[in-house]
Amino acid sequence: MALTSLTGEELATQPANWRRAATLAAEASLALPQRGERVAVIGCGTSWFMAQAYAALREAGGHGETDALAASEFPPGRGYDRILAISRSGTTTEVLDVLGRAKAPTAAVTGDPDTPIAGAADQLLVLDFADERSVVQTRFATTALALLRAHLELEDALPAGVASVPRAADDAERALAEPLPEGLLAAEQVTFLGRGWTYGLAQEAGLKMREAATAWTEAYPAMEYRHGPISVAAPGRAVWSLGELPPGLAADVARTGALLVADSGAGGLDPLADLVRVQRLAVALAGARGLNPDEPRSLTRSVILA
């Protein structure tokens, strides 16, 4: 793919970013959730979806009860042993508000240490090498998840079937090099599906397509797809599963005439690497529509409220 945007250039660095994050997991260990702690992971937008993926991984791996919360919806009366924030900019109002009111120990993963989050969180984990100039988040979000996933691996708390971060990085190189699935650029609509930790990835996939290319996309837990959303599936539209499809769902999609993409999960691409393909599609679709994916309509790098 010809890289003609900051977003395209930045998303292509993800394999190296993930490998670097994996090497940082051990030294970051004390700032990250400890086994058995009840944890809230907060964020906004893309960061919230990464929080969802991490929370599902952590609980499925037996590491501890974990809630993933949009920072604006944080329940003030609920008790936690630790609050972990994900914030690329370090300036998002809702995240800073939660950290400022927190009674539990706090930590934050950020791309910019020279921002208010440095004073708001008890401990700071800096991924400045994965920060971005594009408004659209790609590599920071996935690198934050790679760090958290690598920490779970160190704690022997990765769920069965979830690969190591270096293996995911290898798959991301494939995701960058191989052609995108045929027919997706022409699809009128795309629905993304996920199960467990990959539902957060599906949510992020849909958001990335909307942000960069103003595309009509939706995202659902895969088992919920039959409960209404499948009604929009039709020829000229697509269903993309990040992770394995439930039994029988491929046949249900086939009957609608929609294009099915289901290449990740057991024996296929790591689902996080599959998200890289969605990012590439978003950039390609933006280009085809004459849009600049670096500066999506009505969006800024951070939401700072008066």
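Alanine 120 is found in helix α5, which spans residues 117-120. In this predicted model, the C-alpha atom of alanine 120 is separated by 9.6 Å from that of alanine 102, a residue 18 places away along the chain. When neighbours within four places in sequence are set aside, the contacts of alanine 120 are with Leu96, Leu99 and Thr106.

From this single residue the account turns to a pair of helices. Two packed helices are described by the angle between their axes and the distance between the axes. For α8 and helix α10, the latter formed by residues 271-288, the axes come within 8 Å and cross at roughly 10 degrees. Angles under 35 degrees count as roughly parallel, and α8 and α10 are therefore roughly parallel to each other. On the α8 side, the contact is made by Trp197, Thr198, Leu201, Glu204, Ala205, Lys208, Met209, Ala212 and Ala213. Helix α10 contributes Pro271, Leu272, Leu275, Val278, Gln279, Leu281, Ala282, Leu285 and Ala286. Sorted by class, the residues in the contact of α8 with α10 comprise 14 nonpolar, 2 polar and 2 charged.

Empty space within the fold may be considered next. Rolling a probe the size of a water molecule over the atoms shows where empty space is left. The count of cavities of 30 Å³ or more comes to 1, and the largest cavity has a volume of about 40 Å³. Its lining includes Met209 and Leu285, which also take part in the contact between α8 and α10.

The pockets are treated in turn. The largest pocket holds about 450 Å³ of space and is lined by 25 residues. Which of these residues lie nearest its centre? They are Gly161, Trp197, Glu244, Gly265 and Pro271. Trp197 and Pro271 also belong to the contact of α8 with α10. At least two lining residues of the largest pocket are supplied by each of α3 (46-60), α7 (165-177) and α8 (197-213); α3 gives the most, with 3 residues. The lining divides into 12 nonpolar, 7 polar and 6 charged residues.

The second largest pocket has a volume of about 380 Å³. It is lined by 22 residues, and the closest to its centre are Cys44, Gly45, Gln137, Thr300 and Arg301. Two or more residues of this lining come from each of α3, β3 (82-87) and α8, and α8 provides the largest share, 3 residues. By class, the lining of the second largest pocket has 8 nonpolar, 10 polar and 4 charged residues.

Charged pairs complete the description. A search of the whole structure finds 17 salt bridges. One of them joins arginine 38 to glutamate 65, with the closest N and O atoms 3.3 Å apart. Arginine 38 lies in the loop between α2 (14-24) and β1 (39-43), and glutamate 65 in the loop between α3 and β2 (66-70), so the pair ties together parts that are 27 residues apart in sequence.

How values were computed: Residues numbered from 1 in each chain as written. Predicted model: local features only at pLDDT ≥ 70, side-chain atom pairs only at ≥ 80, totals over all residues. Heavy atoms only, no water. 1 Å grid on protein atoms, 1.4 Å probe; cavity = no way out; pocket = protein on both sides within 12 Å on 5 of 7 lines; lining within 4 Å. Points joined across faces, edges and corners; volume = space filled by probe spheres on them. Helix = DSSP H or I, 4+ residues; strand = E, 2+ residues; numbered from the N terminus. Nonpolar A, V, L, I, M, F, W, Y, C, P; charged D, E, K, R; others polar. Axes fitted to C-alpha atoms, helices over the stretch in contact; angles between N-to-C directions. Parallel < 35°, antiparallel > 145°, perpendicular 65-115°, else oblique. Contact = heavy atoms within 4.5 Å. Salt bridge = Lys/Arg side-chain N within 4 Å of Asp/Glu carboxyl O.
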